[in-house]
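Me: Please take me through this structure step by step. I would like to begin with the open spaces in it.

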Amino acid sequence: MLNIVIFGPPGSGKGTQSKKIADEYQLMHLSTGDLLREEIKKNTSVGKQVKKYIDKGELVPDAIIIKELYKQASDHVDSPGFIFDGFPRTIVQAEMLDKMLGKHNIPINIVLNIEVEEEELFKRMMGRAEDSNRSDDKEEIIHKRIDIYKDQTYPLINYYKKQDKLVNINGMAPVEKVFEKICHAVDTYKSCKKIVHSV
Ligand code: AP5
């Protein structure tokens, strides 16, 4: 089994790269953002609960996220592995994920940290805003999402560094180039269990 966490600020390319990684390594792609947007679209009770947080660019409470993720992961236990996209986003979520997988003796193998400069993040999200219809792709909300990332999610870098799972990926390159770097890190891990710390 291969389990990957992809991590990085809003607009860094997590979703784009996750789809490619899932195809390349036959992993189940679990994106909490996609999952929540789907609930909103279907107007479910979870969707109604989370909409106000997403619209404001704030994180959805851990308890809701963990419950939703657990449901999704349990439905795909036969998968050869997972790529967790946009989860965990807080230390509490990371600890819960370790606990949840630990019960089944399944580790997170690699954590990909995509690094992109703030100006470029902003440019990418404003570009996407033209046709994304995402309620959180608005100038003021984008700033807020980046601030929340720095405050609540960035500390996860140290959490995974301590576990020697962190791979820093330079995301300031075209999609295919970034994907090549990711594949290099994943293939190295698969062939000799070695973490490439920076690509
Ligand atoms: P989520 O959907 O996870 O959004 P995000 O983290 O803000 O990230 P984005 O989807 O905006 O960007 P991305 O990094 O995936 O980049 P993408 O590939 O799309 O979360 C949304 C909200 O849901 C949160 O704010 C929160 O409210 C809630 N939520 C979700 N998970 C949660 C959790 N665990 N806990 C609590 N709340 C949670 O690319 C962006 C754009 O750039 C695209 O247009 C793409 O085409 C382009 N692009 C990608 N790569 C490149 C490249 N290399 N060069 C040029 N352009 C590129």
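Me: How much space lies in the second largest pocket?

Reply: The second largest pocket holds about 160 Å³ of space. A pocket is an open set of points on a 1 Å grid over the protein atoms alone, where a 1.4 Å probe fits and protein lies on both sides within 12 Å along at least five of seven lines; lining residues have an atom within 4 Å of a point. The volume is the space filled by probe spheres set on the points, which are joined across faces, edges and corners. Please note that this is a predicted model, where local features need pLDDT of at least 70 and side-chain atom pairs pLDDT 80 or more, while totals for chains, interfaces and linings use all residues. Residues are numbered from 1 along each chain as its sequence is written, and side-chain values use heavy atoms, without hydrogens and water.

Me: Which residues line the second largest pocket?

Reply: Its lining consists of Met1, Tyr70, Ala73, Ser74, Val77, Phe82, Met100, Leu101, His104 and Ile106. Helix H4 (62–75) and H5 are the elements that give two or more residues to this lining. H4 gives the most, with three residues. Helices (H or I, at least four residues) and strands (E, at least two) are DSSP runs, numbered from the N terminus.

Me: How do the residues of that lining divide by class?

Reply: Eight are nonpolar, two are polar and none is charged. Here Ala, Val, Leu, Ile, Met, Phe, Trp, Tyr, Cys and Pro count as nonpolar, Asp, Glu, Lys and Arg as charged, and the others, Gly among them, as polar.

Me: And how much space is in the largest pocket?

Reply: The largest pocket contains about 1,000 Å³ of space. Its lining has 47 residues, and those closest to the centre are Lys14, Arg37, Arg89, Arg134 and Arg145. By class, the lining comprises 20 nonpolar, 15 polar and 12 charged residues.

Me: Which elements supply at least two residues of that lining?

Reply: They are S1, helix H1 (14–25), H2, H3, helix H6 (118–132), helix H7 (139–153) and helix H9 (175–192).

Me: Let us turn to the sheet. What order do its strands have?

Reply: The sheet is open and has five strands in the order S2-S3-S1-S4-S5, with parallel pairing. S2 and S5 are the edge strands, as each pairs on one side only. Two strands pair if DSSP finds at least two bridges between them.

Me: How many bridges join S2 to S3?

Reply: Strand S2 (residues 28–31) is joined to S3 by four bridges, and the two strands run parallel. Met28 has Phe82 as its bridge partner in S3. Phe82 also belongs to the lining of the second largest pocket.

Me: What about S1, then?

Reply: Strand S1 (residues 2–7) pairs with S3 in the parallel sense over five bridges, and with S4 in the parallel sense over four bridges.

Me: Why is S3 said to be largely enclosed?

Reply: Strand S3 (residues 81–85) is largely enclosed by the rest of the structure because five of its five residues are buried. Buried means under 20% relative accessible area, exposed over 50%, and partly exposed in between (1.4 Å probe, protein chains only). In a regular strand, side chains alternate between the two faces of the sheet. In S3 both faces are covered: Gly81, Ile83 and Asp85 are buried on one side, and Phe82 and Phe84 are buried on the other.

Me: How many residues of S4 are buried?

Reply: In strand S4 (residues 110–115), five of the six residues are buried, so S4 too is largely enclosed by the rest of the structure.

Me: Are Asn43 and Asp164 buried, exposed or partly exposed?

Reply: Asn43 is partly exposed, at 48% relative accessible area. Asp164 is partly exposed as well, at 42%.

Me: Which residues does a cis peptide bond join?

Reply: The cis bond joins Phe87 and Pro88, with omega about -5°. Pro88 sits in the loop between S3 and helix H5 (91–102).
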